[in-house]
Amino acid sequence: MAYSEKVLDHYNNPRNVGSLDKADPNVGTGMVGAPECGDVMKLQLKVNEATGVIEDAKFKTFGCGSAIASSSLATEWVKGKTVDEALAIKNTEIVNELSLPPVKIHCSVLAEDAIKAAVGDYKKKQAERKASVSV
Amino acid sequence: MKTPIYFDNHATTPMDERVLAAMLPYFTEKFGNAASRNHAFGWESEKAVETARKQIADLIGANPKEIVFTSGATESNNLAIKGVAEMYAEKGNHIITPATEHKAVLDTCKKLEKHGYRVTYLSLKQDGLIDLDQLRSAITDKTILVSVMYANNEIGVIQPVAEIGKICHERGVLFHTDGVQAFGKVPVNVIKDNIDLMSITAHKIYGPKGIGALYVRRRNPRVQLTAQMDGGGHERGMRSGTLNTPSIVGFGEAAAIAQKEMAEESKRLAHLRDKLKDKLMTELDEVFINGSLEHRLPNNLNISFAYVEGESLLMGINDIAVSSGSACTSATLEPSYVLKALGVGDDLAHTSIRFGLGRFNTEEEVDYVANRVIEVVRKLRDLSPLYEMAKEGIDLSQVAWAAEPSH
């Protein structure tokens, strides 16, 4: 299979690889996929509490080159966005940006799911925090 | 050393220059039809075909008359299985084969099932070997054929063919083996191995593509087949069609070279394979060999690099040609059914790589490949959330994964 230049670039120079402290209340962690399916993505966001803007994002991915590229791209795109703007990122935008072939569309879906899961985790943490403060 | 490096010799092999040299005259000046009985052009071709037939027969301890030329092993497997099924339909309708056979065997069996035949698919032991007791108990009065490959194309595991053949003969059942990977690589003898039918092909032994053969036993028992290709009655009526003389000459030459060089070559390849294996296993943790190491082709290594998906590994070593059991690299988008049949989990099947060494690989290439694989596996493990979790002591089998519904 021939990979697009952008997929190759993200594979060879993945952006924002690593992990953030998942115990930090300002960090949201999303883990999607399963080892049996051949893809697992972990995407983490660190949100500035005052502004609601995503300051940092990190990922680690077990999966094919397109899965790695999709998650690498997702971390680039979410940075500087508010959490709600990040939620608006659609998998089709990832498909277009990386020129993914039809058999690799599920990689982009997984990346979108990872963003949603990370934001969901962040929001849940914030809600719990507020609840515990008000108690 | 030149890149890309070819380590996928189970898929096909480059043609040996000596084979090409033997073939060339038969494209141009020696172009006769081997079936032309009344002029020198025909006689010349016929003589070349008969020489090749003997060279191939000699390599497997057969009589030249027992070699039927085909277009390749897929056709040979089809001819053996469908030909026996049709010929012996009055005797029975039951066939036995392991679930790890090549698709040319499995899909042929599936086709026969649609036509009223019954097929038992045997599971394998964890080391990739057939369970002989399971085979014994699967044979019934209706069983006409057992088909078990000599050596597996993915994991290189060599089956106890002689014992399988003995069991079949005791029960009056014919034994077919897909000998593609073993032929020319390890000693094969149709008499000692109790083989009744064997599929072989030229392009896995440094010969041309598009030419293969089926060994069909003539005595004890005399095997009969219903032809699947009708026409001029070539090949003792079992496979009609003008013989492909240049390719047959190449096939014969490739067999003759294998006969001379196999002992030496298999020693050299086993040494290279072991060097590759030792280096990978010393430098990397959590790597697992798939299938028995003891009962294995000398040129095969099938390894799972846990927590590193196979296609991403192939992408990182793009100057090396190998293949993977990962779903992403298969047409069906399913991980290797062979590894699955051995009880290798889907998670590890996705991380498997098959290395197939061959005649033209060098020690320098093995060192290069080992170093590249180690480098890329390390890089991808730094990127792998699974490796990170495993290192934190998390039992991955206990994690509730949020798998995407589309899978």
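A residue counts as buried if 20 or more other C-beta atoms lie within 10 Å of its own. In this predicted model, Ser199(B) has 31 other C-beta atoms within 10 Å, and is therefore buried. Ser199(B) belongs to strand E7 of chain B, which spans residues 197–201. Its contacts, leaving aside residues up to four places away in sequence, fall in several segments. They include Ala73(B), Ser76(B), Asn77(B) and Ala80(B). Ser199(B) also touches Asp178(B), Gly179(B) and Val180(B). Gly212(B) and Leu214(B) complete the list. Leu293(B) lies 94 residues from Ser199(B) along the chain, and the two C-alpha atoms are separated by 24 Å.

Helix H3 of chain B covers residues 73–87. Helix H4 of chain B covers residues 103–114. The axes of the two helices come within 9 Å and cross at roughly 30°. The crossing is right-handed. On the H3(B) side, the contact involves Ala73(B), Thr74(B), Asn77(B), Asn78(B), Ile81(B), Lys82(B) and Ala85(B). These residues meet Ala104(B), Val105(B), Thr108(B), Cys109(B) and Leu112(B) of H4(B). The residues of this contact comprise 7 nonpolar, 4 polar and 1 charged. Ala73(B) and Asn77(B) take part in the contact with H4(B), and both also touch Ser199(B).

Backbone geometry was examined next. Most peptide bonds are trans, and most residues other than glycine have a negative phi. A cis peptide bond joins Thr3(B) and Pro4(B), with omega about -5°. Pro4(B) sits in the segment before strand E1 (5–6) of chain B. Another cis bond runs from Asn220(B) to Pro221(B), with omega near -5°. Pro221(B) is in the loop between strand E8 (212–216) and helix H7 (245–283) of chain B.

Glu235(B) is found in the loop between E8 and H7 of chain B. Glu235(B) is not a glycine, yet its phi is positive, at about 55°. With 21 other C-beta atoms within 10 Å, Glu235(B) is buried. Glu286(B) also has a positive phi, of about 50°, although it is not a glycine. Glu286(B) lies in the loop between H7 and strand E9 (287–289) of chain B. Glu286(B) has 16 other C-beta atoms within 10 Å and is therefore partly exposed.

How values were computed: Residues numbered from 1 in each chain as written. Chains lettered and ligands numbered in written order. Predicted model: local features only at pLDDT ≥ 70, side-chain atom pairs only at ≥ 80, totals over all residues. Helix = DSSP H or I, 4+ residues; strand = E, 2+ residues; numbered from the N terminus. Buried ≥ 20, exposed ≤ 12 C-beta atoms within 10 Å, placed from the backbone. Contact = placed C-beta atoms within 7 Å. Axes fitted to C-alpha atoms, helices over the stretch in contact; angles between N-to-C directions. Left-handed = near helix turned anticlockwise from the far one by under 90°. Nonpolar A, V, L, I, M, F, W, Y, C, P; charged D, E, K, R; others polar.
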